[in-house]
Amino acid sequence: YEHIDEVNTGTMERPLEATRMENSTSSCFLMERRTRVKINRKEVMLAKLRKSCSCTPKKLKNFVMDFLPVLRWLPKYQWKEYIWGDVMSGLVIGIILVPQAIAYSLLAGLKPIYSLYTSFFANIIYFLMGTSRHVSVGIFSLISLMVGQVVDRELLLAGFDLNDDAPSAWGEGSLQNDSQSNSTAFNLTVAGMNAECGKECYAIGIATALTFVAGVYQVLMGIFRLGFVSMYLSESVLDGFATGASLTILTAQVKYLIGIKIPRSQGHGMLVITWINIFRNISQANLCDVITSAICIMVLVTAKELGDRYKHKLKFPLPTELVVIVVATLVSHYGKLNEVYASSVSGAIPTGFIPPKVPHFNLMLRVAVDALPLAVVSFVFTVSLSEMCAKKYAYTIRANQEMFAVGFCNIIPSFFHSFATSAALAKTLVKTSTGCQTQVSGVISAMVVLLVLLFLAPLFYSLQKCVLACIIIVSLRGALRKFQDVPARYHVNKVDTLIWVVTMSASALISTEIGLLVGIVFSMLCIIVRTQKPRTTLLGQIQNTSFYEDDLEYENLSSVPKVKIFRFEAPLYYANRNYFLKSLYRLTNLDPNLEAARRKKYEKEKQNLKKGDHTTANGLGMRETTLQLVPKQNDFQALVVDCSSISFLDTTGVNTLKEILKDYKDLNISVLLACCNPSVTDSLKRGGYFGKDCGSMQEMLFYSIHNAVPFKTIIFKNYCCVTGFILR
């Protein structure tokens, strides 16, 4: 009924995919698929292998420059423009880093000196290997908590007392200037370690082994290009994980705030158990610690709020934490708060560096599983912050190199008694707001930490632990404020809000690692459920246009006579096949299988009636039964399936479309497909949907819904004229 112009393909004949389109003049043309050039994958892989295995001076130079990006940008460093901003931001971050490093040692269950080591080495290594100019890599509360949970568990299994005030023993890993420490040593045979090793020695051994394995995982992920793993951590999962972990961190610090001594809880449900112990021992609260905590929190929160309100007027943020620590240390020292009021203090923080030591292999085996979530979380936070800064300041980062950088920020420092690191959001934001231009600022921050390590560390002896707990709790403001965003989040997307709630609850009430796993699995299940029961609808025509929309969502849509247009808003695959068929039958009010059975039974009863048998098995008269089985008149003669939302088909999906094609054909109803993407079309062709050699493809596949509807209307009108039916 329509004339199709031939397409000039030149001297080369190519198979045409007959996709029908109409313009204003009602003429048609064909869209032509490009010819795919067959690629010899074996030759391509061999060529890539030869190229990657070849070694030339130029290639070696590029490899070194890529592995150490500092060699590319440092020679081009613009001293006059960059140095002032880098020095200022480096000093500010260094000043903030020192009190935070000491405070976060409480989370990791380690002495403050190890936190300072971690901050120093991480800044130096990221300066050499990182591709982000602004991100601040170092000690991070969430990572410290994950390390601390593993350390506490292993200490408990080794038979140590988790009470912070229990005597610590020094083995060969102890600091030189604490060798005369009055402590008890333990003879241990744990995980193959048969050495005289105390609580602190064993704790840092666990932490360094965990850090080394996490770094190895990150480097392996970089080698095998496994950065896509981070895609499974959605924003809702990460936010929920961070908020749940923040509740755990807050709970772990309450005992320091009020100065009570309770056992450090381990295992699932740590948050609930800790709060029960807190309320049981609340009568033992140290009044000095309570007053100190109240004053410190009030000062820190007030300073933070004022800083946020007037940050556009301040050239750099106020070093409130450092001021609070200095003042609190002086008051504690001269007021003799530890001796008079039994307030818990940080104790001796030695100076200098410990000789490097290889992490113990047997301990690595014990923490190999724990290192995996640690590696993933550390990498995801680092890359996310790096991409955020790169987008804001218009430069690019290399995610794979970032994975190598954060991996070596864990591997190398683990030999120097450091634990796991990551990029930290708060310090990164401070860094960008204080004029940071490059990672030279990281070197400046490392020098500030080095100054403390070499000379100033002993001055913090009298610093109360409740002050450190206050600094940690106030730093959680951002994560805890996520609770205020729940109504807005719920208004935007209910499913994402549910993912956030489930991840947050699991992270807080079970454990951080289990919470992360629960969040990932639950978010995937939500995606599966969305595709299993997607939105389905019938479409109507927008008046006087060639567009079609959901007739339940929009008013004044025109129905097309004798045509049903069905939209399925998800991929069609094995898991949602039944839902696809049920929705189609329900919306079109026609189940072809039931209708075919009805017609078959009707014909059989009709034949019996002709033979003179006027009764049926159920006792009804034949005429009454026959009237019940009269096939209903179909109100449509064509079904158009809008495939614009079907991203792919599997074998079950193709067979499902073939099934409805056959079933509706038996009822003289045509099935047309519209808006198929190339991958769906290819799946249909491979599955034989269009018959042999795709001969009927032009009559079954259309570029748009509007192309399919007039085509079928013309066919139906001609069919009615031939058979003598009158259209009403």
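User: How much space lies in the largest pocket?

Analyst: The model is a predicted one. The largest pocket is lined by 49 residues, and the closest to its centre are Leu 425, Ala 426, Lys 427, Leu 429 and Gly 478. The space in this pocket comes to about 1,600 Å³.

User: Which residues of helix 8 make the contact with helix 6, and what is the handedness of the crossing?

Analyst: On the side of helix 6, the contact is made by Ser 141, Leu 142, Leu 145, Met 146 and Gln 149. From helix 8 come Phe 241, Ala 245, Thr 248 and Ile 249. The contact residues divide into 6 nonpolar, 3 polar and no charged. The crossing of helix 6 and helix 8 is left-handed.

User: How are helix 7 and helix 15 oriented to each other?

Analyst: Helix 7 (residues 199-223) and helix 15 (residues 399-414) have axes 7 Å apart, at an angle of about 155°. An angle over 145 degrees counts as roughly antiparallel. Helix 7 and helix 15 are therefore roughly antiparallel.

User: How many charged residues does the contact of helix 7 with helix 15 have?

Analyst: Helix 7 passes helix 15 in a left-handed crossing. The contact includes Phe 212, Gly 215 and Val 219 of helix 7, and Met 403, Gly 407 and Ile 411 of helix 15. By class there are 10 nonpolar and 9 polar residues, and the number of charged ones is none.

User: Why is helix 4 described as roughly perpendicular to helix 18?

Analyst: Helix 4 (residues 79-108) packs against helix 18 (residues 465-475) with the axes 9 Å apart. Angles of 65 to 115 degrees count as roughly perpendicular. Helix 4 is roughly perpendicular to helix 18 because their angle is about 95°.

User: How many nonpolar residues does the contact of helix 4 with helix 18 have?

Analyst: In helix 4, the residues that meet helix 18 include Pro 99, Ile 102 and Tyr 104. Among their partners in helix 18 are Lys 465, Leu 468 and Ser 475. The contact has 1 polar and 1 charged residue by class, and its nonpolar residues number 10.

Conventions:
Residues numbered from 1 in each chain as written. Predicted model: local features only at pLDDT ≥ 70, side-chain atom pairs only at ≥ 80, totals over all residues. Heavy atoms only, no water. Axes fitted to C-alpha atoms, helices over the stretch in contact; angles between N-to-C directions. Helix = DSSP H or I, 4+ residues; strand = E, 2+ residues; numbered from the N terminus. Parallel < 35°, antiparallel > 145°, perpendicular 65-115°, else oblique. Left-handed = near helix turned anticlockwise from the far one by under 90°. Contact = heavy atoms within 4.5 Å. Nonpolar A, V, L, I, M, F, W, Y, C, P; charged D, E, K, R; others polar. 1 Å grid on protein atoms, 1.4 Å probe; cavity = no way out; pocket = protein on both sides within 12 Å on 5 of 7 lines; lining within 4 Å. Points joined across faces, edges and corners; volume = space filled by probe spheres on them.
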